[in-house]
Amino acid sequence: MGNLIFWRRDIVTILKDAPREGKPVFLNFFSPGWYYSQKMDTVSYSREDVIQILNDRVLPVRIAPENLPVFKHYTIKVTPAQVMIGSGGFERQRSTGFLDGQEMMAFLLLGVGKFYFDDVRIDDALDMVNQL
């Protein structure tokens, strides 16, 4: 696979930069040694369409359990977990547990569509929803 996801690690900076970039923030809570986190990497995060939307339409942040304050802030009890953050730090969408590639694409398209709708970018929102 030639393309990789450009995961960020500094959630504080990303949440500050997100309004300027006009993108939602995608939080991926994972445990490197946990089977389902590894499976998400091999099954879901290896798909070209998932990689493209994560790199082009959102600011993807990967958060490991060592970052306990962030896990606690978002009330994450198990991994993998995905949270889409919209304007003003408002949580738009959440999923806990393994998502296969198609489920991940649906999660991303709906989350980005919600973000665009909230940002009054209706044509962009419809584009995301029509891809579902």
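**A walk through the predicted fold**

Valine 120 is exposed, since its relative accessible area comes to 66%, over the 50% cut-off for that class. The model looked at here is a predicted one, and this residue makes a handy way in. Valine 120 sits in the loop between H5 and H6. Most residues other than glycine have a negative phi, and most peptide bonds are trans.

H5 and helix H6 (residues 122-130) pack at an angle of about 165°, and their axes lie 8 Å apart. Angles over 145 degrees count as roughly antiparallel, so H5 and H6 are roughly antiparallel to each other. The crossing of H5 past H6 is left-handed. On the H5 side, the residues that meet H6 are Leu109, Val112, Gly113, Tyr116 and Phe117, and they come up against Ile122, Asp124, Ala125 and Met128 of H6. Sorted by class, this contact has seven nonpolar residues, one polar and one charged.

H5 (residues 101-118) also packs against helix H3 (residues 48-56), here at about 25° with the axes 10 Å apart. Angles under 35 degrees count as roughly parallel, so H3 and H5 are roughly parallel to each other. This crossing is left-handed. From H3 come Asp49, Val50, Ile53 and Leu54, while H5 brings Gly101, Met104, Met105, Leu108, Leu109 and Val112. The class count for H3 with H5 is eight nonpolar, one polar and one charged.

Now for the strands. Four of them make an open sheet in the order E2-E1-E3-E4, with mixed pairing. E2 and strand E4 (91-96) are the edge strands, each pairing on one side only. From one strand to the next, the twist averages 15°. Strand E1 (residues 25-29) runs parallel to E2, with five bridges joining the two, and phenylalanine 26 stands opposite proline 60 in E2. With strand E3 (residues 81-85), E1 pairs in the antiparallel sense, over five bridges. Phenylalanine 29 has alanine 81 of E3 as its bridge partner.

E2 (residues 59-63) may be an edge strand, but E2 is mostly covered: five of its five residues are buried. Leu59, Val61 and Ile63 point one way from the strand, Pro60 and Arg62 point the other way, and all are buried.

Pro60 turns up again among the neighbours of isoleucine 5, which touches Tyr45, Ile51, Leu54, Asn55 and Pro60, leaving aside residues up to four places away in sequence. Isoleucine 5 belongs to the segment before helix H1 (11-21). Its relative accessibility is 12%, so isoleucine 5 counts as buried. Between the C-alpha atoms of isoleucine 5 and arginine 47 there are 10 Å, although the two are 42 residues apart along the chain.

Lastly, the loop between helix H4 (68-73) and E3 is worth a look. Proline 80 lies in this loop, and the peptide bond leading from threonine 79 to proline 80 is cis, with omega near 0°. Threonine 75 is found in the loop between H4 and E3 as well. Though not a glycine, threonine 75 has a positive phi of about 55°.

Definitions and conventions: Residues are numbered from 1 along each chain as its sequence is written. This is a predicted model: local features need pLDDT of at least 70, side-chain atom pairs count only at pLDDT 80 or more; totals for chains, interfaces and linings use all residues. Side-chain values use heavy atoms; hydrogens and water are left out. Axes are lines fitted to C-alpha atoms, for helices over the stretch in contact, and angles run from 0 to 180 degrees between N-to-C directions. Helices (H or I, at least four residues) and strands (E, at least two) are DSSP runs, numbered from the N terminus. Angles under 35 degrees count as roughly parallel, over 145 as roughly antiparallel, 65 to 115 as roughly perpendicular and the rest as oblique. A crossing is left-handed if the near helix is turned anticlockwise from the far one by less than a right angle, and right-handed if clockwise. Contact means heavy atoms within 4.5 Å. Ala, Val, Leu, Ile, Met, Phe, Trp, Tyr, Cys and Pro count as nonpolar, Asp, Glu, Lys and Arg as charged, and the others, Gly among them, as polar. Buried means under 20% relative accessible area, exposed over 50%, partly exposed in between (1.4 Å probe, protein chains only). Two strands pair if DSSP finds at least two bridges between them.
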